[in-house]
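Hi everyone, thanks for coming. I'd like to walk you through one structure today, so please have a look at the screen.

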Amino acid sequence: MKNQWILLVLIHIVFAFPVKASKLVELKVLDNQILMLHFKDGEVIRRDDGKGNCAFMGHCHHPDGSEAIYFGTPLDTVLMTHTESFVITSPNDKNYKRKGKSPQAVFRKSKLNGMTLSHWDDQALPKGDYVYNHTMEHFLYLQLPEPLAEGKTYTLQILPHHETEVVPTTFVFDIFLLPSEAIHTNIVGYNPDNQQFSADLYHWMGNGGARDYSSFEGNRVFLLNTTTGKKTEAGEVTFWKNSSTEANDYNFTASDVWNIDFTGNFTEGTYKLAVEGVGCSQPFKISRNVYYEPYRISTLGFFYMRLGQNSPNINPRPRLPLFIPEIDKTTVPITTLHPYHEAWEDIRMRKTDPWDHPVEFEPYTTGKFNNNAWGGHSDAYDWDKRLPHVSTIYDMLLSFILTDGVLNDDNLGIAESGNGIPDLLDEARYEVDSWLRLRDGKGYAHGITCP
C-alpha cells in the first residue's frame, strides 16, 4: 500500500510539472495487429522571404534563413521500445478489458526530418567541414497480442515516466476511417476508362523488418465513395512479388509486395480504398481529367526553374537575378577547363563539385567572353548549368511523343502561353535555345558555373 501511494504521488508530479520533450504527432493503425506511433523531437523552420544579402543566390545560407526548433528532451529510443511502456485497453473488446495488455514487441525506425546548413562555401573551413543542425522523427511499431476487432474502441496509454508529450489516445478500429501507411494507391487518382486499377500493400518497420501480409491474402478490398458513403467490394489481397532491387540497385520497398488491385465501372468522384483487417487509403479521385493538374503543375515547375526569364508581369515573378550579359552587368568568361580536363579530378577531390566554385576556373580563362550565354533550367536552387541538364529536353519531349501529342495545352501559365505552340514544347525549346547560345565558334561549352 505504501509503494502504491508513492507511485500515485510520482504520477501526479509528472503530470503537474510536464517537461518539454519529443511530441507524439500521430497514432495510426498499420493493420489490426500493428499500431504505429509517430514522434518528432523537433522540426526545422525555413525563412523564404526574398530578403537579405543571400536572397536569390545559390549556395548562400543566411544565418536567419532556417532554424532548428527542438521540442525538448529527444525520444528515449531504448526505453520506448520496452513493451511494458505501453498499455492498450478497451471497454468493449474482451481481449483488452480490465487492466489491458502490453504489446508483444516494439520496433522502431528513425530518420532526419529537418536539417540546417551554414558555411557552405566558407574557404576558411576544410572541405566538408560544414555546420549542421538537424532534428529527428521516430516511428514505433507496437505488435499487439490480440488482433483489433472491427468496430471496437481502444485506448493506448504510455506510462508517465517517459519524457514525451502525450495524452491517452482513443480510437475506433474502422477500416473505412483509419488510413494505413501500408496501403499505397495512386493519390493523383485514376481514369475510369481504364477499369483496372492497381494498388499495393506493404510496409517496412525499421528494425522490425518488412510487415508480412501473407496471412491477409484473400482478404476483401472495398472501394468507398466518400460523398455517398457507398461501399463496393472490388477485389482481394493477392501476393505480387518478392522484395528486390530496382533502379541503381536500390531496394525502395525493402519488403515483399501484395496487390490490392480493384476493378469495376466506377463513376467519377472521390474514393478511399479499404482492405479488410488493415485500414483505408488516403482519398483519391476517379476522373477523366485526373492527370491534368499534376501535368500543369510540373510544367509550371519547369518554368520557375528557368534562368534568365524576364517576365516582370507574371505573378509570382520568375527567379532573379536574370544573369543575362548586357542586361544586368553579367559577364561570362570563356575558359578551357571542362570535365575531361586533366585538372578536373584534382579540383573535384578538393571542392566536391567544381561547378560550384567559379574561382577554380579563373586560371583557365582565355580573355574571351560569351555575351549570349544565358537561359536554360537549373536543377536546384543554384545557378550553374552543365551538360547533364540537357536530359530535361528529352524528358519533356518524350512525354509529348508517348501521348501522341495529347499534351498540347497552350494555357498553362508560362510566358509563351497562347502563342499557338503547346506549352510543353515551349518549355523544352527554352532549354534547347540555351545550349545553342553556348557555342563559342569552335563547338559547344560544357556549361556555366555558379556566379
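Predicted model: local features only at pLDDT ≥ 70, side-chain atom pairs only at ≥ 80, totals over all residues.

Residues are numbered from 1 along each chain as its sequence is written, and side-chain values use heavy atoms, with hydrogens and water left out.

The chain has five helices and 25 strands; these are DSSP runs numbered from the N terminus, helices being H or I with at least four residues and strands E with at least two. Of its 451 residues, 40% are buried, meaning under 20% relative accessible area with a 1.4 Å probe, protein chains only.

Now to the strands. β1, residues 22-31, runs antiparallel to β2 over seven bridges; pairing takes at least two DSSP bridges. A hairpin of two residues connects β1 to β2, and E26 sits opposite H38 in β2. How much of β2 is buried? Six of the seven residues in β2, which spans 34-40, are buried.

And the pocket? Which residues lie nearest the centre of the largest pocket? They are V332, P333, I334, T335 and G447, out of 38 lining residues. A pocket here is an open set of points on a 1 Å grid over the protein atoms alone, where a 1.4 Å probe fits, with protein on both sides within 12 Å along at least five of seven lines; lining residues have an atom within 4 Å of a point. Elements giving two or more residues to that lining are β22 (333-335), β23 (365-369) and β25 (447-448).

Key. Buried < 20%, exposed > 50% of the residue type's maximum accessible area, 1.4 Å probe, protein only.
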